[in-house]
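Please open the model in a viewer and keep the selection panel at hand.

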Amino acid sequence: MEMNQLTIHELQKKIREGETTSLEITEALFKRIEAVEGKVNSYITLTKESALKEAEIADKEIEKGNIGELTGIPIAIKDLMCTKGVRTTCGSRILETFIPPYDSTVVKKLRGDGAVFPGKTNMDEFAMGSSTETSYFGITRNPWDLERIPGGSSGGSAAAVAADECIASLGSDTGGSIRQPAALCGIVGMKPTYGRVSRFGLIAFASSLDQIGPFTKDVEDCAIMMNAISGYDPNDSTSVPAEVPDYREFLSRGIDGWTVGIPKEYFIEGIDPEVSAAVEGVIKEVEKLGGQCREISIPHTEYCVTVYYIIAPSEASSNLARYDGVRYGFRSGEGRDLLDMYKMSRSDGFGAEVKRRIMIGTYALSSGYYDAYYKKASQVRALMKGEFERAFEACDVILTPVTPTPAFKVGEKLDDPLQMYLSDIFTLSANLAGIPGISVPCGFTESGLPIGVQFLAGPFDEGKLLQIAYAYEKNSKIEKRRPVL
Amino acid sequence: MEYEPVIGLEIHAQLLTDSKIFCGCSTKFGAAPNSNTCPVCLGMPGVLPVMNKSVVEFTMKMALATNCRINPVNRFARKNYFYPDLPKGYQISQYAYPLAEAGYVDVEVNGDKKRIGITRIHMEEDAGKLVHDERSPSSYVDLNRACVPLIEIVSEPDMRTAEEAAAYLRRLHEILVYLEICDGNMEEGSFRCDANVSLRPIGQAEFGTRAELKNMNSFRNVQRALEYEISRQQYVLESGGAVLQETRLWDDSEGVTHSMRGKEEAHDYRYFPDPDLVPIVISEEWIGEIAKTIPELPLEKRERFVREYDIPPYDAGVLTATRALADYYEETVKCSGMPKGASNWVMGDVLGHLKEDKLDITSSPVKPKDLGAMITLIEDDTISGTIAKEVFGEMWKTGNPPGKIIEEKGLTQISDSGALESTIDDVLKANPDQVGQYKSGKEKLFGYLVGQTMKATQGKANPKLVNEILKKKLSAL
C-alpha cells in the first residue's frame with residue numbers, strides 16, 4: 001500500500017511510530033498526482049514546491065514531538081477558500097489571476113495544525129453546478145469511471161480523495177456540493193451546521209447556505225477534520241459561539257435505542273432502483289445496530305428546489321457584483337467607457353451557468369418581484385426549518401438517499417439545467433434548514449459506481465452523524481474497493 | 001394660482017468612531033489614498049463584515065436625542081448598484097428594519113416654533129471616492145472612506161420654506177455635534193444633505209411631483225438651492241408645464257440646479273437582508289444605558305440659559321452654539337457670579353479674539369477662571385471697563401491671570417477721593433475755557449472734563465467717583 005492511499009489516522013499512527021515522514025507521504029502523493037491527474041483533473045493549481053517545504057517543516061516539528069492530528073498530512077483545498085499568496089480562482093476566468101492577500105480562517109487553522117497543502121481543487125464555477133463541468137479550468141472526471149462526472153460543485157476535492165491524490169480535502173456545500181460528490185465518488189463528506197465552521201475567506205456563492213466541510217476516506221478522518229475546522233470565528237458574525245466537542249469521542253458509542261426518521265418525501269418515484277436498494281440495505285443495517293426506523297414527513301420537501309433556486313441565485317447575484325474588473329481579476333480591455341468595461345468584463349469573465357444564476361437572482365430581487373419570489377421563498381424556508389425542528393424532537397437522525405442516481409455521464413445534463421438542478425433534490429433541504437448532513441458510502445451499482453447514504457441531524461448534532469455513520473461503516477459488509485486508474 | 005412648497009431632507013452624517021463600521025481600519029480623514037484599507041473594506045473575495053458596536057450606540061444617541069422609537073430588532077440590507085467607488089457592488093445599509101423611526105425635532109423660524117417629523121434613522125457604510133485626472137483618460141479609486149460609518153436621517157415632508165429647511169438642518173447639525181458623534185464638517189463631507197422638493201396648489205392635500213436636489217455643501221447652499229428650485233418649479237407650473245420626477249444637481253457658481261438623471265434612469269437597488277450579518281437586538285436596558293450618556297441638548301440649554309441667567313434668547317443662542325462654548329460661558333459665570341457680564345465678555349471680546357486668531361474655544365488662551373476673575377475685578381471697582389479691555393488684551397497675549405497683569409502694570413483703579421480731588425483741581429485749572437462754557441450751559445463739556453481726568457490718570461480713575469467729584473466741584477464754582 002502506498003502512503004498516499006492511507007487515511008489520516010493510519011498515517012498519524014505511522015508517523016508517530018516513525019514508520020514514515022510527511023515528506024515521504026507528500027512525495028508519494030505527488031507521484032500519484034503526476035500519474036493520474038491527466039485523466040482526472042482534480043486540481044486547478046498544484047503547489048508542489050511549497051507543499052514539500054511544508055512537509056519538511058512538519059517533519060522537523062514531529063521530531064521535536066510537536067505532533068497534532070494533522071501534522072504533516074496533505075490536505076487539498078477547494079479553490080474557493082482564499083490561500084495567501086496562492087491564486088484562488090473559484091473555477092472562473094474572472095478570478096484566473098486573483099492571488100489573495102490573506103488566508104481563509106479554515107486554511108489558517110489547518111496551517112496552524114501543521115497540515116501540508118498540495119493544491120487547490122477544481123470546482124464548478126463559483127460552486128454553481130452539480131458536476132464540475134462548468135469550471136473554466138476543464139472538467140473533472142469521476143475516478144470510478146472517467147466517462148462520468150464526479151458530482152459537484154466540489155468535484156475536484158471529492159475526486160482527489162477518491163483517486164488518492166490527497167489524504168483528505170475541504171469542500172463547500174451550498175445545496176449538496178459536498179455530500180453529492182462524496183456519494184458519487186464513494187467517500188465520506190460532511191456539511192456541518194450553518195455557523196459551525198467559519199466562512200471567512202470562503203468566496204461566497206449564497207451566504208446564507210454556504211458551509212465548509214471535509215471529504216475523507218472514512219468516518220474517523222471526518223471526525224478528525226471536523227475537530228480541526230470547527231469553531232466560532234470573530235471574523236464571521238454568522239459563526240456560532242457554541243462549544244465544539246471532541247468529535248472522535250462519538251465514534252464508538254453505537255446507536256442502540258435510537259430513533260431514525262425515514263422521510264417519505266425522499267423515497268419517490270424516479271430514484272434509480274440500485275440506489276433505492278442500497279439505501280434499503282442501510283435501513284436494515286441500522287435496525288440490526290439497535291436503531292428504530294420509522295416513517296416521518298417533511299411536507300414542504302417538494303418546494304426545496306424552487307425555494308433554493310430563488311434564494312441561492314438572489315444572494316449570488318449580489319455576492320458576485322464585486323467582480324467588475326475594477327480592482328482585481330479579469331478585466332476586458334475592449335470597452336470604451338465604464339459601462340462597457342463592466343459589461344464586457346462580466347460577459348467574458350463569467351461562464352453561462354453563472355450568468356444564468358445572476359440573471360435569475362437579479363430578477364427575483366427586482367422591485368415588484370421581491371415579495372413574490374425572495375420573500376415568499378424565505379417564508380417557505382422558515383416553514384421547512386420548523387418541520388425539521390419538529391422531526392428532530394422525535395428522531396435522533398434522519399436517513400435518506402444522497403442522490404437519485406449514481407454518477408451520470410459527462411455532458412449528459414449540462415444543457416438541461418432543470419435536470420441538473422434535480423440531482424440535488426435530497427441535499428438542498430439541509431442547507432435551507434441550516435442543519436448538518438453526512439454522506440457515507442453504502443455500496444456499488446452492478447457497473448461499479450459508488451452509492452451513498454445521507455444522515456441528517458439537528459443543529460450542532462454533527463456528533464450524532466459521526467456516531468451513526470461510524471457504526472454503519474464498521475458493521476456494514478460494504479467491500480473496500482479502489483478505483484482503477 | 002398660489003403654490004405651497006413641500007420639502008423633505010435626507011441627511012448623511014459620518015460618525016466619529018475610531019474604526020470603520022465593518023472592519024478595524026481607521027476612519028481618519030486625509031490619509032494617503034488606500035492606506036486605511038484592508039481586505040474587508042476593499043471588498044476582496046471571501047471577506048465578511050463584522051459590526052462595530054460603537055456605531056449602533058452612536059446611532060442610538062441620535063435616535064434618543066431626536067425623540068425616535070428605537071426598534072428592538074435591527075437588520076442590515078444590501079443596496080445593490082455598480083460604481084467603481086463601491087467595492088462590493090452593494091452598500092450595506094438598512095432598509096425594512098432601520099434602527100429608529102418616528103421621531104421629531106422642534107425648530108424656530110422668525111419666532112414661530114415648528115415641529116419637523118423624522119421618518120427614520122438608519123446605519124450604513126460610506127463608499128470610496130473617485131479621483132479624476134484631467135490630463136489622462138484614467139480615473140483613480142481611493143477606498144479610505146469605504147466602510148466609514150454613516151447615519152442617514154430622513155425627515156417627513158414637513159417643511160414649507162427654504163428657511164424652515166435650513167433651520168431644521170442647523171438643528172440636526174448642532175445635535176449631532178453636541179452628542180459628539182459627528183464633526184459636522186460639511187466641506188469635508190462628514191455632514192451632507194439631499195433635499196426633496198415639490199409644489200402643490202395651496203389647499204391641495206396630495207403632493208406634487210418632486211425633484212431630488214444633490215450637491216449642496218453648505219447651509220447657505222441648501223437654502224439657496226431650495227429657493228431656486230421652488231421658483232423654478234413655480235415657473236414651470238405657471239407656464240402650464242409639468243415638473244419632472246428627477247434628480248437635480250445644484251451648481252454653486254451659477255446658482256441654479258441642473259437635471260442629473262430622470263425617473264427612468266433611477267436605480268432598482270434590489271434591497272434584501274444581508275445574510276452576512278446577524279440581526280442586532282436592542283434591549284430596553286441597553287437603551288437605558290445610552291440614554292444616561294445623552295448630554296443636555298442645545299435647545300434645552302438655550303432655554304435654561306434664558307431662565308437661569310436672565311440673558312436675552314439671542315445671547316443664549318450664540319452662547320450655546322457649541323457645547324464647548326456653553327461650558328466656557330457657564331464656567332465664567334461660576335467664577336464671577338455675573339451672568340450678564342460674562343455673556344458680554346464671552347460674546348464680545350472672547351469670540352472676537354477667537355475669530356481674529358482663527359482659534360477654537362477649547363484653545364482660548366484666556367481660561368474661564370481668569371475671565372471670571374477679571375469680571376469680578378470690574379464689579380468691585382478694582383479696574384474700570386476701559387482698563388479691563390487692556391487687561392483682557394494682555395491676558396490673551398500672555399495667558400496670565402488678570403491680578404498679575406494689573407499688579408505688574410499698576411492698573412488698579414484710583415478710588416481714593418483725596419487723590420482724585422487734586423487731579424480734578426488740576427484739570428479744572430488747566431481748562432478754564434471749557435469750565436466757563438460748561439457754566440454758561442454747555443453741559444456736553446462735562447464729558448470732555450471726565451475724559452481729561454481719565455487721561456491724567458492713564459484711565460485708572462474710578463469713573464463713578466470722577467463723575468461725583470467733578471459735579472460737586474463744578475457746581476461749587
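Select chain B and colour its charged side chains. There are 56 positive and 72 negative side chains in chain B, and the centres of these two sets lie 2 Å apart. The model under view is a predicted one, and each value given on this tour is computed from it.

Keep chain B selected and show its secondary structure. The chain contains 15 helices and 16 strands. Its radius of gyration is 30 Å, well over the 23 Å that the globule rule gives for 477 residues, so chain B is more spread out than a compact globule. Turn the view along the principal axes: the C-alpha trace of chain B spans about 95 × 55 × 55 Å.

Next, display the surface of chain B. Of the 477 residues in chain B, 50% are buried. As for contacts in chain B with a separation of 6 or more, 69% of them are between residues 24 or more positions apart.

Now select B:E379. Which helix holds this residue? B:E379 has its place in helix α9 of chain B, which covers residues 368-379. B:E379 and B:C182 are 197 residues apart in sequence, and the C-alpha distance between them is 40 Å.

Move to chain A and show its secondary structure. Chain A has 15 helices and eleven strands. For its 485 residues, a compact globule would have a radius of gyration near 23 Å; the value for chain A is 21 Å, which agrees. Along the principal axes, the C-alpha atoms of chain A fill a box of roughly 65 × 55 × 45 Å.

The chain exposes about 17200 Å², of which carbon and sulfur atoms supply 50%. Among the 485 residues of chain A, 65% count as buried. Its charged side chains number 53 positive and 67 negative, with the centres of the two sets 3 Å apart. Where contacts in chain A join residues at least 6 apart in sequence, 76% join residues at least 24 apart.

Finally, show the aromatic rings. A pair of aromatic rings is described by the distance of the centres and the angle of the planes. Over all chains, the structure holds 27 aromatic pairs. Select A:Y323 and A:Y328: their ring centres are 6.3 Å apart and their planes stand at 70 degrees, so this pair is edge-to-face. Are these two residues buried or exposed? Both A:Y323 and A:Y328 are buried.

Then select A:Y369 and A:Y373. This aromatic pair is tilted, with 6.3 Å from centre to centre and 35 degrees between the planes. A:Y369 is partly exposed, at a relative accessible area of 35%, and A:Y373 is likewise partly exposed, at 30%.

Notes:
Residues numbered from 1 in each chain as written. Chains lettered and ligands numbered in written order. Predicted model: local features only at pLDDT ≥ 70, side-chain atom pairs only at ≥ 80, totals over all residues. Heavy atoms only, no water. Helix = DSSP H or I, 4+ residues; strand = E, 2+ residues; numbered from the N terminus. Rg over C-alpha atoms; globule rule 2.2 N^0.38 Å. Buried < 20%, exposed > 50% of the residue type's maximum accessible area, 1.4 Å probe, protein only. Contact = heavy atoms within 4.5 Å. Areas by Shrake-Rupley, 256 points an atom, 1.4 Å probe, with all protein chains shown as cover. Lys, Arg positive; Asp, Glu negative; His and termini not counted. Charge placed at Lys NZ, Arg CZ, Asp CG, Glu CD. Phe/Tyr/Trp six-rings, centres within 6.5 Å; stacked < 30°, edge-to-face > 60°.
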